[in-house]
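This report describes one protein chain and the ligand placed with it. It starts with individual residues and then turns to helices, the ligand shell and the chain as a whole.

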Amino acid sequence: EEGYDHAAVERRWQAAWDDADAYRTPDEVTDPTYVLGMYPYPSGLLHMGHVRNYTITDAYARFRRMRGDDVLHPMGWDAFGLPAENAAKERDTNPRDWTFDCIETMKGQMESMGFGYDWDREVTTCTPEYYRWNQWLFREFHDRELVEREAAEVNWCPTCETVLADEQVEGGDSSEGPGAHGNCWRCGTTVERRELEQWFLRITEYADELNGYIDDLDGWPDSVRQMQRNWIGRQEGSRVSFEIGEAQGASNGRGERSEPREYGPVEAFTTRLDTIFGATFFALAPDHPVSEAVAAEDDEVRRFVEEEADPEGDEPNGVRTDLTATNPATGEEVPVFVADFVLSDVGTGALMGVPGHDDRDHAFASKMGVDIVPVVAPEPGGDSDGGDGEAPSEPDVSESAFTDDGVLVNSGEYSGLSSAEAREELTADIDSAEFHTQYRLRDWGISRQRYWGTPIPVVHCDDCGPVLVPEDDLPVELPEFINTTGNPLDAAEEWKHVDCPECGGDAVRETDTMDTFVDSSWYFLRYVSPDLEAAPFDVDRANDWMPVDQYVGGIEHAVMHLLYSRFVTKVVADMDMLEHREPFENLLAQGMVQLEGEKMSKSKGNVVSPQRIVEEYGADTARLFMMQAAQPERAFDWSEEGVRSTYRFLTRLKRLVGEFDPEAAEGEFGPIASYVESETDATVSAATADYDDLTFNTSLRETQELVGTLRGYRDHVEAVHADTFRRGLVTAVKLLSPVAPHVAEELYDELGREGGDSFVLDADWPEPEGDVSGADERRRLVENTREDVRQIVDVASIEDPERIDVVVAPEWKHRALEIALESDAPNLISELMQEDDIR
Ligand code: ANZ
Ligand code: ZN
């Protein structure tokens, strides 16, 4: 069977929308709904992941619009980044031209998909009109003491020759938190550590709020919320200092004896101060200042620090120093180790070792021959051998640690307290202890040694040090691209040398550019007033539209992009530029498009080209197939057979509408028409609820069933009732229109528009006309006559014999069975045979 002329239909309506400026955002906003898909990196061509992402937002935006909301549904380009620079080098062009070529292509593809964007609001981050506001924000952050310059160990990719944020290092388990070692997210090369002067945004200042608000983000998937919590890694505990000194009479590694050295108090962070009576050793990270001081004098320690320490190793390794630490609870001196399982960027870089109650400490102490003392016992009565009032019995910790909370033992006057009570009391009683909340989150290093990004608006002067570029001199524009190894900005001599804004002397521009996650941390605000020249965004409009009602994008952005956006939103709110403190009210992380169970990817060579699908079957088929294949959050397999069957559905629907002749439809409004009306109502109410939940797949199934019912109606009665049939068709078309907008426009046109609508997208969303609360009930109450039964059976059984029980009143079931037997309908027969009232 031949398909409909999808190319003609799609061309016609895209042109009509264009002419009418149909997707312009309304100026007057009463019921704002902001629907946003994560903007793409302009890499060359749209892939199926994009198509899925943007079909979801487009369908939802259209649905909200038909429901009467004012909708903002913009699109833009995450246009800075390393691949453009690499591509430019390969092709002997420059990143700007390459990027704009990609944008043009992808924009054309988006238009061919029928995505209804307001292109007047297009935002392209590599334009000075956009990135000047990154620079402006950098200044504002600086004024608020949220910018810091620090020499820091950074992740360095030797292949890309650039620093990577912790989040851009993959392979290390991200649940381990920042700083996990691994591979470059771009090229897979093993990441090295290097020390460089870096600019940081102090996201840690907002750690507490970023963590606390997660509880309120109930429009977000739990998985994403949990990933954010893990990343922030809030821990409540105590800081406690141990006095560190050289043991009396210890040798200092040079074989001489000298005065015992004092190192003073050293702080450790612990979540288990209740176990302090069992702290039988103290351990320092290899690059803790005390470790470094000791290493300078002690060969063995130096060898460990410089050569042997392996923080990624499975086993904890360490070396014993000549130092001792005084346990402030017991007054006892315990040995001090330098150990590689103590991480320098966690807590204070030092810990009290409690082998009886911590697994790693246990493994380390066993290896080093350190005492293992139980100081917490399981709560008596909790276990089978326990009873009320029984004394807690010490756990056996010789083989492994007892890591639960419990009741203190061997802890002096604190014995008998619960772990929680003991933590309170010990923190209060020990002079050198205080409560402390710690985060795994680190400040956000934004410096990149790359050309294609926002220049950091700083000038380095020999006399004044780093000086911010004054606001009036913004933007600091990128110079022309120079094809060179290393950072092209270092080679841009003319651009680089400037006068110091403070003293007028010779100075040099900062040649690092910003992480592109800076661009994406506020782009959703730029869309509200994309052309504004006086500010990054119009505060009133932002307050109208924000927060984004529905944000849709890939799960790979669960941590970095979403966390940075939340951070920047909070800072902007603190600048009194926004009423809201969270940017995204509802978040949908769309599932992957797969082929034979594997993610589509160039490297696997299993990519299906959206362009080919659009050419062969049309954008509507591509969109409809994707949305009906699975719930948006789920992964699903691309299937050419599925695509073809969707195409057949649209082709037949188009024919069904085409063949409907209202003049010739002279059927009565009888029980069958009434049944069809109730099916229409029931479909509207179910499909609407599903659109509200973004479960397009079920709403589309309902709609397809309605189309089946309508076809059955037409095929099995002499003449349909014109109004009923037309209403059914119009309803089906409207319900399909968010997902298959071109066909829907065409059919809405053929059916004769309602009111003064120019487009189906301006039409009112359908409403049930009858009482749908009892829809099922009403279906049963259809007044069945003998002949009606036959016809209802025919109409209903086309699509779904299982529904026979709601379609046919009980007293007519026998008659229905007779009919089924006569017409040799095996599915229907078996369905009816199972009915109680027949058996
Ligand atoms: C004593 C103690 C006793 C601890 C005990 C735990 C259990 P988790 O384990 O994730 O809750 N710690 C502190 N600083 C560290 C560092 N720089 N590198 C590695 N580990 C460090 O994290 C909190 C615990 O991590 C802290 O509490 C400390 O060990 C360890 F029965 O202190 B605990
Ligand atoms: Zn100066």
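The model is predicted. Asp92 counts as exposed, because 7 C-beta neighbours lie inside 10 Å and the limit for an exposed residue is 12 or fewer. Asp92 sits in the loop between helix 3 (82-91) and helix 4 (95-112). Its phi is near 55 degrees, a positive value in a residue other than glycine.

Glu596 can be described in the same terms. Phi of Glu596 is near 45 degrees, again positive in a residue other than glycine. Glu596 is found in the loop between strand 28 (593-595) and strand 29 (598-599). With 9 other C-beta atoms within 10 Å, Glu596 is exposed.

Setting aside residues up to four places away in sequence, Ile482 touches Pro488, Ala491 and Ala492. Under the corresponding exclusion, Glu677 is in contact with Thr724 and Gly770. The C-alpha atoms of Glu677 and Pro768 are separated by 9.1 Å, although these residues are 91 residues apart along the chain. For Ile482 and Met75, the separation is 407 residues in sequence and 30 Å in space, C-alpha to C-alpha.

The peptide bond from Leu474 to Pro475 is cis, and its omega is near 0 degrees. Another cis peptide bond runs from Met546 to Pro547, also with omega near 0 degrees. Pro547 belongs to the loop between helix 16 (539-545) and strand 26 (548-554).

**Helix 11**

Which residues of helix 11 are buried? In this helix, residues 419-429, they are Ala422, Arg423, Leu426 and Thr427. These residues cover an arc of only 125 degrees around the axis, which means that they are on the same side of helix 11. The face turned away from that buried side carries the exposed residues Ala420, Ala428 and Asp429. The cover over the buried residues of helix 11 includes strand 10 (235-246), strand 17 (407-408) and strand 18 (433-438).

**Helix 20 and helix 24**

Two packed helices are described by the angle between their axes and the distance between the axes. For helix 20 (residues 640-659) and helix 24 (residues 741-750), the axes come within 10 Å and cross at roughly 10 degrees. Helix 20 is therefore roughly parallel to helix 24, since angles under 35 degrees fall in that class. On the helix 20 side, the contact is made by Leu650, Lys654, Val657 and Gly658. Helix 24 contributes Val743, Leu747 and Glu750. By class, the residues of this contact are four nonpolar, one polar and two charged.

**The ligand shell**

How many residues surround ligand 1? The shell has 17 residues, and the closest are Thr270, Arg272, Val346, Gly347 and His357. At least two residues of the shell come from strand 11 (262-270), and at least two come from strand 15 (350-353). The shell around ligand 1 divides into eight nonpolar, seven polar and two charged residues.

**The chain as a whole**

The chain contains 29 helices and 30 strands. Of its 839 residues, 45% count as buried. Among contacts in the chain with a separation of 6 or more, 73% are between residues 24 or more positions apart.

Note on methods
Residues are numbered from 1 along each chain as its sequence is written. Chains are lettered from A and ligands numbered from 1 in the order in which they are written. This is a predicted model: local features need pLDDT of at least 70, side-chain atom pairs count only at pLDDT 80 or more; totals for chains, interfaces and linings use all residues. Axes are lines fitted to C-alpha atoms, for helices over the stretch in contact, and angles run from 0 to 180 degrees between N-to-C directions. Helices (H or I, at least four residues) and strands (E, at least two) are DSSP runs, numbered from the N terminus. Angles under 35 degrees count as roughly parallel, over 145 as roughly antiparallel, 65 to 115 as roughly perpendicular and the rest as oblique. Two residues are in contact if their C-beta atoms, placed from the backbone, lie within 7 Å. Ala, Val, Leu, Ile, Met, Phe, Trp, Tyr, Cys and Pro count as nonpolar, Asp, Glu, Lys and Arg as charged, and the others, Gly among them, as polar. A residue is near a molecule or strand if its C-beta atom, placed from the backbone, lies within 6 Å of it. A residue is buried if 20 or more other C-beta atoms lie within 10 Å of its own, exposed if 12 or fewer, and partly exposed in between; C-beta atoms are placed from the backbone. The arc is that of the directions from the helix axis to the C-beta atoms.
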